[in-house]
Amino acid sequence: MTDDERWMGAALALGERGRGRTAPNPCVGCVIVADRRVVGRGWTQPSGRPHAEAMAVAQAGDAARGATAYVTLEPCAAPGRGPACADVLIDAGVAAVVVAIQDPFAAVDGKGLAKLRAAGITVRVGARAAEAKAAMAGFLTRQRHGRPHVTLKLALSLDGAIALASGESRWITGPAARAHAHLERARCDGILVGRGTYDADAPRLDVRLPGLTDRSPHRLLLTHGAAPAGWTPVASPEAIAALPHSINDLLIEGGAGAASAFLGCDLVDRLLIYRAPILVGAGKPGLGDIGLTDLAAAHGRWRRTALRLLGVDVLEVYERTR
């Protein structure tokens with residue numbers, strides 16, 4: 001691992017602290033390094049301000065002069081609710097800025113990098129870019145496709161069931177898998193279920209992990225009618241494009257109808273499949289019709305990016321190839 005990759009890893013870890021809390025802004029992390037020592041650390045704060053770079057520079061103070069800043073996303077180029085981060089870094093006197101990925105937002109998109117270079121600062125781009133894209137997938141999807149990034153969670157038996165034929169589903173998976181699912185909730189801005197799941201289970205959809213109970217996402221209901229108090233109605237999968245920009249990362253949790261609807265519209269970007277070592281038999285399947293008419297068309301659409309044990313269960317993570 002190079003020095004750039006090592007320090008960018010620290011910036012990525014800091015950015016994760018803001019995940020699910022910074023929308024409409026991305027969850028950026030920044031470290032400032034002088035003489036192989038971190039002198040400043042920052043991450044985008046709730047609701048998007050202050051930005052990671054401003055927080056890191058404030059902590060570093062005079063130690064930022066001549067140092068290297070590692071930032072997970074291109075610093076912004078123009079003032080908004082605060083000063084432009086490119087200007088903050090220039091005024092701090094850093095000698096170099098290492099950026100994981102360029103910002104596709106039209107007001108930035110290369111302008112921050114150009115401003116830094118024009119000020120005589122060395123700029124390097126690309127360290128741990130894939131990890132930065134994954135961490136800020138919601139923001140990037142919003143910029144490129146005009147909608148939130150959608151993760152579909154399925155808790156399944158070995159034979160693909162989400163419940164017994166009677167509807168009983170508590171619990172398919174064990175406590176470790178359920179805790180991980182709550183962590184995923186904490187990383188999202190919104191969480192959606194279908195009307196059938198709401199009527200059958202009255203789900204709370206909150207985060208019940210110690211220290212993260214304040215991270216519960218907005219609750220959305222896929223329905224053609226009105227939604228109960230505290231819920232936002234979503235008339236169709238395509239309607240997520242009209243959701244406020246405070247929802248960049250959307251988690252679909254249930255049930256089979258909602259999952260099938262989003263898959264049928266090709267609006268799922270990421271799959272989380274929690275598979276329990278049980279057989280259900282004549283139970284309720286995890287999916288219904290997703291509009292597939294040709295088996296060949298099913299191949300090549302999903303790429304597995306992670307496989308891990310969670311207690312007795314297995315988590316498989318897949319990304320949609322586009």
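**Cores, surface patch and salt bridges in a predicted model**

Leu-287 sits in the loop that runs between β13 (284-285) and β14 (302-310). The model is predicted. At a relative accessibility of 35%, Leu-287 counts as partly exposed. Together with Ile-290, Leu-292 and Leu-295, Leu-287 forms a nonpolar patch on the surface. The accessible area of these four residues together is about 340 Å².

The largest nonpolar core comprises 44 residues. Met-8, Ile-32, Val-97 and Met-136 have the most contacts inside this core. Leaving aside residues up to four places away in sequence, Met-136 touches Pro-26, Cys-27, Val-28, Thr-72, Leu-73 and Ile-101. Another core, of 22 residues, lies apart from the largest one. Among its members are Val-150, Ile-247, Leu-263 and Leu-271.

Helix α6 spans residues 137-145 and includes Ala-137. Ala-137 counts as buried, at 12% relative accessibility. Its contacts, not counting residues up to four places away in sequence, are His-149 and Asp-249. Asp-35 is 102 residues from Ala-137 along the chain, and the C-alpha atoms of the two are separated by 33 Å. The buried residues of α6 are Ala-137, Gly-138, Phe-139, Leu-140, Thr-141 and Arg-142. Their cover includes the strands β3 (68-73), β4 (96-101), β6 (149-156) and β11 (249-254). Helix α5 (129-135) also belongs to this cover. Just after α6, Gly-146 adopts a positive phi of about 70°.

Cysteine pairing was then searched across the whole structure, and zero disulfides were found. Cys-27 is in no disulfide, and the nearest cysteine sulfur, that of Cys-188, is 11 Å away. A disulfide requires sulfur atoms within 2.5 Å, so a separation of 11 Å rules out this pair. Cys-27 is buried, with a relative accessible area of 9%. Cys-265 is likewise in no disulfide. The cysteine sulfur nearest to Cys-265 is again that of Cys-188, at 19 Å. Cys-265 counts as partly exposed, at 32% relative accessibility.

The structure holds 19 salt bridges. One of them joins Asp-3 and Arg-36, with the closest N and O atoms 2.8 Å apart. Asp-3 lies in helix α1 (residues 3-16), whereas Arg-36 lies in the loop between β1 (29-34) and β2 (37-43), so the pair ties together parts that are 33 residues apart in sequence. Asp-3 is partly exposed at 36% relative accessibility. Arg-36, at 53%, counts as exposed.

Arg-128 forms a salt bridge with Glu-131, and the closest N and O atoms are 2.9 Å apart. Arg-128 counts as partly exposed, at 21% relative accessibility. Glu-131 is partly exposed too, with a relative accessible area of 39%.

A further salt bridge brings together the side chains of Lys-153 and Glu-253, at 3.7 Å from N to O. This pair links distant parts of the chain. Lys-153 belongs to strand β6 and Glu-253 to strand β11, 100 residues apart. Both residues, Lys-153 and Glu-253, are buried. Elsewhere, salt bridges with shared partners join six residues into one network: Arg-147, Asp-266, Asp-269, Arg-301, Arg-320 and Arg-322.

Terms used:
Residues are numbered from 1 along each chain as its sequence is written. This is a predicted model: local features need pLDDT of at least 70, side-chain atom pairs count only at pLDDT 80 or more; totals for chains, interfaces and linings use all residues. Side-chain values use heavy atoms; hydrogens and water are left out. A nonpolar core is a set of buried Ala, Val, Leu, Ile, Met, Phe, Trp, Tyr and Cys residues joined through side-chain atoms within 4.5 Å. Buried means under 20% relative accessible area, exposed over 50%, partly exposed in between (1.4 Å probe, protein chains only). Contact means heavy atoms within 4.5 Å. Patches are made of residues with over 30% relative accessible area and no salt bridge: like charges are joined within 9 Å, nonpolar side chains (Val, Leu, Ile, Met, Phe, Trp, Tyr) within 5 Å. Accessible areas come from the Shrake-Rupley method with a 1.4 Å probe; for residues, only the protein chains shown count as cover. Helices (H or I, at least four residues) and strands (E, at least two) are DSSP runs, numbered from the N terminus.
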